[in-house]
Amino acid sequence: MKYESSSFQYEENNTWQTPAAGVKRQIMGYDDRILLAKVLFVSGSDGGGQHRHPHSQSSLIVSGVFEVTVDGITTTLRAGDGFYAAPDQLHGVVCLESGTIVDAFSPVREEFLKG
């Protein structure tokens with residue numbers, strides 16, 4: 001394997017990345033086939049806007065309220081809700097109330113590992 005995290009992830013030891021204004025991301029675990037990330041949003045942030053990537057993405061809203069758009073369909077999601085974006089499908093979030101999303105990507109998002 002080219003990429004592989006340690007077996008255990010501790011929030012206090014993991015570096016925070018700032019991919020967009022009002023957004024902080026922490027990589028939690030990964031190998032070549034999958035990556036898990038915790039993403040904190042402040043109200044009003046959009047995570048960098050609508051985008052697409054060649055990875056499958058499944059996301060869980062842990063806290064907060066988000067307006068989520070996937071493939072042109074927009075809905076409001078809250079804690080306990082989630083969404084899936086297929087590879088190369090246009091998607092994005094707007095944070096309505098500050099919160100946290102946990103994102104799983106397959107395969108690994110190599111660019112996330114570069115900081």
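Glu-110 pairs with Lys-2 in a salt bridge, with the closest N and O atoms 3.9 Å apart. This bridge joins distant parts of the chain, its two residues lying 108 residues apart. Glu-110 sits in helix 1 (residues 110–113). Lys-2 belongs to the segment before strand 1 (17–20). The model is predicted, and local features are reported only where pLDDT is at least 70. Glu-110 has a relative accessibility of 33% and is therefore classed as partly exposed. Lys-2, at 63%, counts as exposed.

The search of the whole structure returned four salt bridges. Side chains of opposite charge can pair when their charged atoms come close. Another of the bridges involves Arg-33 and Asp-31, whose closest N and O atoms are 3.0 Å apart. Its two partners differ in accessibility. Arg-33 is exposed, at 53% relative accessibility. Asp-31 is buried, because its relative accessible area of 12% falls under the 20% cut-off. Glu-111 and Arg-109 form a further bridge, with a closest N and O separation of 2.5 Å. Here Glu-111 is partly exposed, with a relative accessible area of 39%. Arg-109 is buried, with a value of 10%.

The largest nonpolar core holds 13 residues. The members that touch the most others are Phe-41, Phe-66, Val-68, Phe-83, Val-93 and Ile-101. At least two residues of this core come from each of strand 3 (34–41), strand 4 (56–70) and strand 7 (91–106). Strand 4 provides the largest share, four residues.

When residues up to four places away in sequence are not counted, Val-68 touches Ile-73, Thr-74, Thr-75, Leu-77, Phe-83, Gly-92 and Val-93.

Open space was then considered. Rolling a probe the size of a water molecule over the atoms shows where empty space is left. The largest pocket has a volume of about 350 Å³. Its lining comprises 21 residues. Closest to the pocket centre are Arg-25, Gly-47, His-51, Asp-103 and Phe-112. Strand 2 (23–31), strand 3 and strand 7 each contribute at least two lining residues. Strand 7 gives the most, with six. By residue type, the lining divides into nine nonpolar, seven polar and five charged residues.

Asp-103, one of the residues closest to the pocket centre, was followed in more detail. Asp-103 lies in strand 7. At 10% relative accessibility, Asp-103 counts as buried, since buried means under 20%. Residues touched by Asp-103, not counting those up to four places away in sequence, are Leu-35, Leu-36, Ala-37, Val-39, Gln-57, Ser-58 and Ser-59.

Technical notes:
Residues are numbered from 1 along each chain as its sequence is written. This is a predicted model: local features need pLDDT of at least 70, side-chain atom pairs count only at pLDDT 80 or more; totals for chains, interfaces and linings use all residues. Side-chain values use heavy atoms; hydrogens and water are left out. A salt bridge is a side-chain nitrogen of Lys or Arg within 4 Å of a carboxyl oxygen of Asp or Glu. Buried means under 20% relative accessible area, exposed over 50%, partly exposed in between (1.4 Å probe, protein chains only). A nonpolar core is a set of buried Ala, Val, Leu, Ile, Met, Phe, Trp, Tyr and Cys residues joined through side-chain atoms within 4.5 Å. Contact means heavy atoms within 4.5 Å. On a 1 Å grid over the protein atoms alone, a cavity is a set of points where a 1.4 Å probe fits but cannot get out, and a pocket is an open set with protein on both sides within 12 Å along at least five of seven lines; lining residues have an atom within 4 Å of a point. Grid points are joined across faces, edges and corners, and a volume is the space filled by probe spheres set on the points. Ala, Val, Leu, Ile, Met, Phe, Trp, Tyr, Cys and Pro count as nonpolar, Asp, Glu, Lys and Arg as charged, and the others, Gly among them, as polar.
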